[in-house]
Amino acid sequence: MNNRDYQQIDSGAPGTHAATSVGHHPQPQNGKQHHVEDRSSELLRRPRRRWEVLPGKNRFFCDGRLITAGQSGMLPLTLGLILVTSGLFFIFDCPFLVKHLTGCIPAIGGVLFVFVLVTLLQTTFSDPGILPRATTAEAIDIEKQIDDMGRTSYRPPPRTKEILINQQVVKLKYCFTCKMFRPPRTSHCSLCDNCVERFDHHCPWVGNCVGKRNYRFFYAFIVSLSFLTAFIFGCVATHLTMRAQDGQSLLYALQESPGSAVELVICFFSVWCILGLSGFHTYLVAVNLTTNEDIKGTWSGKRDTDVTNPYSHRNIFVNCCAVLCGPMPPSLINRRGLLRTDEPAQTDTDIELTTSTRINVCPQGKSQSVLDPAKNPNPTVNTSKCETDRSAGSPPRNTSHALPAQTKAKKTKKATAKLTSAVHASRHGQREEP
């Protein structure tokens, strides 16, 4: 045996830590595992921004400065059509029109193109007016108020409130996701999973909701886009007409400028839709309505009732100034702040679990409220009154809000009582009745 054989035998001797199998390196694997653990613990210790833990389906960019919907929708198609049409216009049409007409055409087209692009990006990457969800304490307080409203009735507590705005009754609906009563003209967007103030609609063409904070950008975008589309369409038609006047046919003009044919097709089919959309939103601005209210007919006249729009100022110019020229409201969600180490991150599950263990609806409108979890870490619900009402013959109620642990405890208590009575009857020589 040579020295190499002796070294192999010694490496496999008892008490040594050398590896005898080929390719087995425990030390590097342990080092990699420790590296992964250190990295994960470092990420947990790293202070997080608030936009990283905000509930909903929105996406954030540039460290929370830009916000958009979770799904981009038709935004790439919108950008592509604008860029392609404008690029072909500046390449194929502008040189000919500058030579034969005037040099102002590229300047006008450039100003309209920049304005359309800026307003589109402002609409897409701005906060539409998202309302922050209720905290755990606020949700508990709202549920207590709802519970107090339903104590004197057999039915479940109502989930709406009525307020007066300009002598008009407005109903506030309860949002089960955000755990709050929505302010007037607020609606919950199912795609973004957030309540948006003065919700107009969710526009897939811009990839974001249109609400109180970005409606003016959206309106400026569609109006400027209609002007740009009409302007390009008119310039392309003029270009092709002038080329065909030199004793040549329209087919020859299209062969000389093939990009103009693409522009002509795109603008012809899109200008009517854009002009119609601009006219519709101009009407909404003039009467101070939203798309959501107009589609649902919220303020349309009903039989035997006098329903009017309480937000309209009865003046077109005042309505336009109120919608488009008012001061920009601040964003209500804190996206850039740091989350404190002692502050829990607000999530959907946290609020949902808290509210589901808060109230147990009892028969005859009687409900037992659970104390604040901060004061009572193990909340319990007193169901003795409920059991008394059931034994008295009250109609059963939906007890879906009861805790599973309490249900198991009641079943265990009944079984124990039945077993105790059976043992007591057997000791006294009595037979338990079925």
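Tutor: Start with the terms. Helices and strands are DSSP runs, numbered from the N terminus; a helix needs at least four residues and a strand at least two. Keep in mind that this is a predicted model.

Now the loop. K179 is found between β4 and β5, where β5 covers residues 180-181. Is K179 buried or exposed? K179 counts as buried because its relative accessibility is 5%, and the cut-off for buried is under 20%. T136 is 43 residues away along the chain, yet the two C-alpha atoms are 9.0 Å apart in space.

N166 is exposed, because its relative accessible area is 59%. Its backbone deserves a look too. Most residues other than glycine have a negative phi. N166 has a positive phi, near 55 degrees, and is not a glycine.

A second residue shows a positive phi. R314 has a value of about 60 degrees, although it is not a glycine. R314 lies in the loop between α9 (291-296) and α10. R314 is exposed, with a relative accessible area of 59%.

Two packed helices are described by the angle between their axes and the distance between the axes. Helix α8 (residues 258-287) and helix α10 (residues 316-324) have axes that come within 6 Å and cross at roughly 105 degrees. From α8, the contact uses V285, A286 and V287; from α10, it uses I316, N319, C320, V323 and L324. By type, the residues of this contact split into 7 nonpolar, 1 polar and no charged.

Next, a strand. V210 lies in β9 (residues 208-210). V210 is buried, because its relative accessible area is 0%. What does V210 touch, leaving out residues up to four places away in sequence? The answer is R198, F199, D200, H201, C203, Y215 and F218. T291 is 81 residues away in sequence, and 9.8 Å separates the two C-alpha atoms.

Then the cysteines. A disulfide is a covalent bond between the sulfur atoms of two cysteines. How many disulfides does a search of the whole structure find? It finds 0. Take C235 as a case. The closest cysteine sulfur to that of C235 is in C94, 7.1 Å away, so the pair is too far for a bond. C235 counts as buried, at 8% relative accessibility. C273 counts as exposed, at 57% relative accessibility.

Finally, the whole chain. It has 13 helices and 11 strands. Of its 434 residues, 34% count as buried; K179 is one that counts as buried, at 5%. Contacts also span the sequence: among those between residues at least 6 apart, 64% join residues at least 24 apart. The accessible surface comes to about 26,600 Å², and 60% of this belongs to carbon and sulfur atoms.

Key: Residues numbered from 1 in each chain as written. Predicted model: local features only at pLDDT ≥ 70, side-chain atom pairs only at ≥ 80, totals over all residues. Heavy atoms only, no water. Axes fitted to C-alpha atoms, helices over the stretch in contact; angles between N-to-C directions. Contact = heavy atoms within 4.5 Å. Nonpolar A, V, L, I, M, F, W, Y, C, P; charged D, E, K, R; others polar. Disulfide = S-S within 2.5 Å. Buried < 20%, exposed > 50% of the residue type's maximum accessible area, 1.4 Å probe, protein only. Areas by Shrake-Rupley, 256 points an atom, 1.4 Å probe, with all protein chains shown as cover.
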